Amino acid sequence: MATHDLYKGLRFQRKFSQCKMFVDRKKKYTLVALLLLRATLVYGARKNLIALNERSNQSGMIRGISEMVNLLAPKSLVILVQNETKIDRLDKLTVMIHHHNIPTCVYYDLEQYFNLIEENLKNSLEITSLIFCHPEDMLQDITDRRLAHRLSLFIFYWGASQMPSTLNHNLLKEPFRVAIITNPRRNIFRIFYNQAKPNNRGDMVSVNWFDGNDMTFKRVPLLPSPTEVYKNFEGRVFSIPVIHKPPWHFIVYGNVSANAAELTNGTNSDDAVGFEMDLEKNVTIESDDTYFTVKGGRDHNLMQLIAERMNFSFQYVEPPEKIQGIALGSEDNASFSGALGMLQRREVELYLGDVAVTWERMKAVEFSFFTLADSAAFVTHAPRKLNEALALVRPFQITVWPPVIITILISGPILYIIISTPYRWRYGCSGVNSRHRNRYKRFRQRKPAFYNMRYIEEMSYTRVRRTFRTNDGQDYPSLDRCIWYTINVYLRQSANIPFDGHLARFFSILLWLCATYVLGDVYSAQLTSQLARPARESPINTLGRLENRMTRDGYELLVERQSAFHAALVNSTGVLQRLYRLTRQRSVNDSFLVKSVEEGIRVLQSDPKYAVFGGRETLYFNTKRYGANRFQLSEKLYTRYSAVAVQIGCPFLDSLNEVIMRLFEAGIVEKITIAEYEQMFGRHKGGISHSEETVRSTKSTNSDCDTDGTGSKRKTDSNDKLHPMNLRMLQGAFLVLACGHLLGGICLFIERHIKMIIRCGEIIDRVGVKVKCVVGQLCPQWR
């Protein structure tokens with residue numbers, strides 16, 4: 001029994017040991033399985049899988065995200081859940097967000113989500129995205145699609161406990177707005193933001209905490225506002241393109257041996273060609289130096305003031321081709337050249353230099369509040385003096401002279417009809433006194449008027465002989481005498497009334513008043529003013545007049561190459577379109593395009609049959625430099641605004657607008673402009689400022705008065721004092737006198753020849769009669 005019991009005990013012990021070994025082996029397998037499951041969960045959490053083991057922790061995540069969204073208070077929220085992402089209780093999250101009255105939509109398709117973001121950016125709508133995935137899987141796609149914008153905020157959450165160390169900071173630079181939420185402890189959430197500092201390094205900085213246990217945030221608001229962040233740039237250095245374009249920027253080019261302190265704006269271009277302005281002579285000369293320094297200018301001073309207010313510094317870079325830039329390619333996918341192209345490619349931060357705001361440019365860059373309210377205009381040569389030989393006919397316009405001449409011509413016949421009509425009725429109706437009528441006819445068949453001594457009698461106030469009388473004893477005037485009387489009245493010469501009747505007196509009084517006070521005095525006053533102030537051509541200050549000159553006289557239009565005004569001509573309609581067509585037809589190899597407005601002014605100075613199209617302020621400055629009395633500045637064609645150009649989606653645009661608006665409202669922008677002009681040209685005693693000239697030119701844009709390039713009235717001559725009259729001014733009177741002598745000589749020549757012809761005819765008749773008599777006497781049979 002003892003042996004049997006011992007055997008049974010050993011057998012039980014062996015089975016127990018085997019069971020214990022099995023249990024230990026099962027525990028090991030369970031532990032390995034748990035470790036593998038944990039590794040799988042960690043790996044899946046890093047690769048777009050949010051798997052929360054505890055239901056309570058998942059509820060804390062939903063509560064924390066909903067509270068953060070509520071504090072952020074977006075206008076609309078888009079939740080992106082990719083197809084491979086598994087999220088429990090997503091409906092509960094959307095319901096909690098809806099309780100805060102925030103519109104929410106959920107997307108599972110990545111392409112549809114990108115299309116939604118693009119559509120909102122086109123409509124300038126602010127949108128916030130909550131994305132449940134790792135940032136590395138989305139940043140590159142968002143950047144490639146150019147969806148980074150200040151209106152789009154991307155919030156990433158994938159259940160990580162800390163920030164990933166492998167994020168590419170270059171992808172997180174401006175204008176990308178990225179916020180990352182981490183979950184370091186249970187019910188504790190940490191918010192990181194890439195635009196917490198204005199240094200544009202792409203660093204994710206911790207900006208806030210949320211404690212789900214007591215439902216509190218570390219600070220309010222959830223994210224710092226861009227206005228507060230970019231109020232102070234903390235000495236950040238901006239790269240700004242610059243172009244030599246007076247009066248906005250004055251660039252002086254220097255060689256390599258210049259002072260290193262002045263060569264901070266150097267370029268590496270080997271064939272850079274620029275312009276250098278001699279500030280003392282106000283002229284521009286070409287330069288081949290590759291280093292440049294900005295010496296001044298209105299926009300340079302304004303940029304310095306903005307930099308001082310926003311605490312940043314800047315360095316100038318020279319854009320390719322030294323132009324602002326124009327759109328190249330199709331309208332939907334256009335790329336810009338020049339300075340705007342650098343801004344579009346995000347090579348520079350901003351650009352200030354008389355940048356006109358256009359719809360075409362707004363597709364590639366954004367613009368701040370306007371820094372200049374300008375207008376388009378064109379410049380032609382100043383109205384030249386008209387030929388003074390025609391000064392006697394200029395007191396009246398061409399449409400006035402025909403009625404005046406007709407009035408003078410019909411005045412004599414009307415006077416004759418008034419005098420002779422009663423007697424014609426009397427003689428025609430009575431049927432008597434036929435002998436008197438025959439005598440009157442014989443009287444009318446006498447010699448012409450210039451043989452009648454009646455005119456000498458009127459001039460000498462004597463009576464040489466008696467003329468024909470009517471029954472009542474009054475002299476009956478002839479038609480030529482009535483005409484001669486009216487001409488004497490119009491010429492303000494003394495003359496006797498040709499008939500002593502009431503109607504004749506009344507008509508003579510009216511004729512005298514009309515000739516003396518209406519025609520004579522007005523003509524004399526106008527002629528005096530024309531001689532004292534020589535007449536000039538009508539100014540070419542409207543597009544209609546410019547079109548007439550281009551069609552009739554062959555004028556050509558010049559415009560700065562690849563500028564906003566070049567694009568305005570290309571896309572224009574109406575009169576501008578017709579002008580552009582005429583310009584294109586007459587130009588050879590785009591000869592109407594010039595490098596700058598300054599070059600166009602020089603071409604206009606050498607050849608007056610040109611017109612330069614551009615901004616009114618730029619044209620005003622250049623005409624002032626080269627002599628305002630040489631050019632004619634047109635009226636305002638259309639309003640254009642210049643502003644600071646920034647990148648698409650620039651995060652500090654609101655802060656920049658706030659500074660510019662304050663400067664504009666305080667009048668500092670206008671003061672900078674006036675100070676720049678006064679520094680360049682000075683202000684003489686008794687002179688007017690730039691703002692006064694602008695107001696004066698605005699009021700007189702629709703008038704036809706002679707104005708110079710500044711818009712003020714042109715003086716009578718280069719000197720303020722009036723000059724005494726010379727023979728050149730009076731050449732019109734001498735020409736009229738010469739024409740009168742020539743006409744008198746021609747009449748005398750014709751009269752003499754007519755008289756000789758008549759005498760020859762009379763002699764021939766007499767000879768013929770004598771010959772006939774002689775022949776009749778010698779040959780009676782021939783009679």
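Is Leu 510 buried, partly exposed or exposed? Hi everyone, let's start there, keeping in mind that this is a predicted model. Leu 510 has a relative accessible area of 43%. Buried would need a value under 20%, and exposed one over 50%, so Leu 510 counts as partly exposed.

Where does this residue sit? Leu 510 is part of helix α14, which covers residues 502-532.

Now for another helix, α13, made up of residues 479-490. From first C-alpha to last, its 12 residues reach 17 Å, which is close to the 16 Å expected at 1.5 Å a residue. Which residues of α13 are buried? They are Arg 481, Cys 482, Tyr 485, Thr 486, Asn 488, Val 489 and Tyr 490. After α13 comes Arg 492, with a positive phi near 60 degrees.

Last stop: Asn 183, in strand β5, residues 178-185. With a relative accessible area of 11%, Asn 183 falls under the 20% cut-off, so we call Asn 183 buried. What does its side chain reach at 2.5 Å? That is the backbone oxygen of Arg 185. A polar atom of the Asn 183 side chain also lies 2.6 Å from the backbone oxygen of Ile 188.

Terms used
Residues are numbered from 1 along each chain as its sequence is written. This is a predicted model: local features need pLDDT of at least 70, side-chain atom pairs count only at pLDDT 80 or more; totals for chains, interfaces and linings use all residues. Side-chain values use heavy atoms; hydrogens and water are left out. Helices (H or I, at least four residues) and strands (E, at least two) are DSSP runs, numbered from the N terminus. Buried means under 20% relative accessible area, exposed over 50%, partly exposed in between (1.4 Å probe, protein chains only). A polar contact is a pair of N or O atoms within 3.5 Å; within protein, one must be able to donate a hydrogen and the other to accept it, and residues adjacent in sequence count only if both atoms are side-chain atoms. The expected span of a helix is 1.5 Å times one less than its number of residues.
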